[in-house]
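Please walk through this model with its sequence alongside.

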Amino acid sequence: MTALKRIVPWLVAATLLLAVHYMHLAADRTRAAMPKLQRFALLPDGSTLRTMTLGFQNVIADFLWLRSVQAIGDRQVSKEAGMWIFRAIDIVTTLDPRFVAAYEAGGIALCTVVVMPEESNRILEKGMRNNPEEWRLPFMLGINYYFELGDDAKAAEYIAIAASVGGGPEYLASFASRLYMTAKDPQKAVEVLATSYEHSSDTRLREFLGFRLKEALVERDIQSLEAAIEQYRHQFGEPPRKLEELVIAGYLAALPVEPLGGTYVYDHSVQSVHSTSAERRFQVSGHRRQR
């Protein structure tokens, strides 16, 4: 009797697998012209299917995952194909919310097999909600926002989350700070780097983050100076001749001290500021998708 009790759950699981398998076989016979991914339309939604699996949702999720991977390999690149990829990944990750590899693969497929970054983001956001300890999911969201959607502020936000989760590469906090800089939010860049610096116990990493923090402070000062110059020009009809005039006019309490040991140089002809210790301004390189 004890042996029978051990065998029954596996018999149930095998029966469920066979049921799903024959459902796909039936689709193959009756709808031979239907693309493989589209056959996921024959399945109920993920929540309903999860209830039907009687506790064996992970087993079914693995089976459907293999079928979806095979189908993605046979895909035709179209908006419709992308929607079936989205549905397939959504079903699999509803059955097994901790299936991190499915979120990652789905997020990538929805930006490479087809160009559907919004749907990719929905899958990755779902993955973050169910797996908050995984740094790769917010990292991938940040990459989507930067390269696919051209939103530096949102990209910085998610890369910063990836950095705060821990377990990722050392460059994440620095990467997030650069994105905040290009998004014209230098204060957030300073905060991200300062937090990472304070929580790091690695001497080499602290040295690297400390230098990046000073670079971020330089960029924050430059953006603040240039904003004050623009305000001055708007009020007086012409830019100041020198930076000290910004203090005299009340736009700054005092001129900032350059944290890397250099000085801030003002080019009156183009109303720009640069530091003698920083060769170039903060920027993030990489090809963005043309939309």
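The paragraphs below take the helix pair, then a helical arginine, then the loops.

This is a predicted model: local features need pLDDT of at least 70, side-chain atom pairs count only at pLDDT 80 or more, and totals for chains, interfaces and linings use all residues. Residues are numbered from 1 along each chain as its sequence is written, and side-chain values use heavy atoms, with hydrogens and water left out.

Start with helix 6 (residues 117–130) and helix 7 (residues 136–148). Their axes come within 9 Å and cross at roughly 160°. Helices (H or I, at least four residues) and strands (E, at least two) are DSSP runs, numbered from the N terminus. Axes are lines fitted to C-alpha atoms, for helices over the stretch in contact, and angles run from 0 to 180 degrees between N-to-C directions. Helix 6 is therefore roughly antiparallel to helix 7 (the term applies to angles over 145 degrees). The crossing is left-handed (the near helix is turned anticlockwise from the far one by less than a right angle).

Which residues of helix 6 and helix 7 make the contact? Helix 6 supplies Pro-117, Ser-120, Asn-121, Leu-124, Glu-125, Gly-127 and Met-128. From helix 7 come Leu-137, Pro-138, Met-140, Leu-141, Asn-144, Tyr-145 and Glu-148. Contact means heavy atoms within 4.5 Å. By class, there are eight nonpolar, four polar and two charged residues (Ala, Val, Leu, Ile, Met, Phe, Trp, Tyr, Cys and Pro count as nonpolar, Asp, Glu, Lys and Arg as charged, and the others, Gly among them, as polar).

Now move to Arg-212, in helix 11 (residues 203–236). Is Arg-212 buried or exposed? Arg-212 counts as buried because its relative accessibility is 18% (buried is under 20% relative accessible area, exposed over 50%, partly exposed in between, with a 1.4 Å probe and protein chains only). Its side chain makes a polar contact of 2.6 Å with the side chain of Glu-215. Such a contact is a pair of N or O atoms within 3.5 Å; within protein, one must be able to donate a hydrogen and the other to accept it, and residues adjacent in sequence count only if both atoms are side-chain atoms.

The loop between strand 1 (264–267) and strand 2 (272–275) holds Ser-269. Ser-269 is exposed, at 57%. Its side chain joins that of Asp-267 in a polar contact of 2.6 Å. Gln-271 lies in the loop between strand 1 and strand 2 and is partly exposed, at 30%.

Finally, backbone angles. Most residues other than glycine have a negative phi. Gln-271 has a positive phi of about 50°. Lys-184 has a positive phi of about 60°.

Methods: Angles under 35 degrees count as roughly parallel, over 145 as roughly antiparallel, 65 to 115 as roughly perpendicular and the rest as oblique.
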